[in-house]
Amino acid sequence: MWELVLEKLPLKASTPAEWVDIVMQDFGRFMQDHAACERKASALAMSMVAKYPDREALIEPMICLAKEEMAHFHEVYKHLHQRGITLANDEKDPYVAGLL
C-alpha cells in the first residue's frame, strides 16, 4: 500500500519503503518532529523579517511563508491533539549543530 503512495509523489530521489515502516513504529514521535519543523520554519521566516527590515523584497514573501508554515503547524498540532500526544521539547539537531 505505502509503495503506491510513494510512487505518486514527485520526488527527485526514491524513498525506501522501509522508511514508512520505521515511521509507523513511532508515529507520535514522527508527528512531534513534524510539528517542530513547521513551527521552526515559521519562526525563521519571521526572524528574517525582523533581521532585514530594509530588504523589502524579502518582507512579503517571508510573511507569506511564515503564515503558510504556521498553518501547517496548526494542522499537525490538531492531529497530535486528537491522538492525545503533546508537543515535544525542542531537541538540538546534530547535523545543524555541526553546520553551525
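Predicted model: local features only at pLDDT ≥ 70, side-chain atom pairs only at ≥ 80, totals over all residues.

Q: Let's start with L99: buried or exposed?
A: L99 is exposed, because its relative accessible area is 59%. The cut-offs are under 20% for buried, over 50% for exposed and partly exposed in between, with a 1.4 Å probe and protein chains only.

Q: Thanks. Where is L99, then?
A: L99 is in helix 5, which covers residues 94–99. Helices here are DSSP runs (H or I, at least four residues), as strands are (E, at least two), and they are numbered from the N terminus.

Q: OK, now the inside. What makes up the largest nonpolar core?
A: Five residues: M31, A35, F73, V76 and L80. Helix 3 (27–51) and helix 4 (56–82) are the elements that give two or more residues to this core, and helix 4 has the largest share, with three residues. A core here is a set of buried Ala, Val, Leu, Ile, Met, Phe, Trp, Tyr and Cys residues joined through side-chain atoms within 4.5 Å.

Q: What does M31 touch, skipping its neighbours within four places in sequence?
A: M31 is in contact with V76, H79 and L80. Contact means heavy atoms within 4.5 Å.

Q: And Q32, what's that in contact with?
A: Leaving aside neighbours within four places in sequence, Q32 contacts L80, I85, T86, L87 and A88. Q32 lies in helix 3 and counts as buried because its relative accessibility is 18%.

Q: Switching topic: how many aromatic pairs are there?
A: A search of the whole structure finds two. One of them is W19 with F30, which is edge-to-face, 5.8 Å centre to centre and 85° between the planes. Rings of Phe, Tyr and Trp (its six-membered ring) pair if their centres lie within 6.5 Å; planes under 30 degrees apart are stacked, over 60 edge-to-face and the rest tilted.

Q: Why does that pair tie parts together?
A: Because W19 lies in helix 2 (residues 17–25) and F30 in helix 3, parts that are 11 residues apart in sequence. W19 is partly exposed at 43% relative accessible area, and F30 is partly exposed too, at 28%. W19 and F30 also form one aromatic cluster with F27.

Q: How many salt bridges are there?
A: Three, from a search of the whole structure. A salt bridge is a side-chain nitrogen of Lys or Arg within 4 Å of a carboxyl oxygen of Asp or Glu.

Q: Which residue does E91 bridge to?
A: E91 pairs with R29, and their closest N and O atoms are 3.3 Å apart. That links distant parts of the chain, since E91 is in the loop between helix 4 and helix 5 and R29 is in helix 3, 62 residues apart.

Q: What about R39 and D90, how far is N from O?
A: The salt bridge between their side chains is 2.4 Å, N to O. R39 lies in helix 3 and D90 in the loop between helix 4 and helix 5, so this pair ties together parts 51 residues apart in sequence.

Q: And where do K78 and E75 lie?
A: Both are in helix 4, three residues apart, about one turn of the helix. K78 and E75 form a salt bridge with their closest N and O atoms 3.0 Å apart.

Q: Last one: what is K40 in contact with?
A: Setting aside neighbours within four places in sequence, K40 is in contact with D90 and E91. K40 is found in helix 3, and its C-alpha atom is separated by 9.0 Å from that of M70, 30 residues apart along the chain.

Technical notes:
Residues numbered from 1 in each chain as written. Heavy atoms only, no water.
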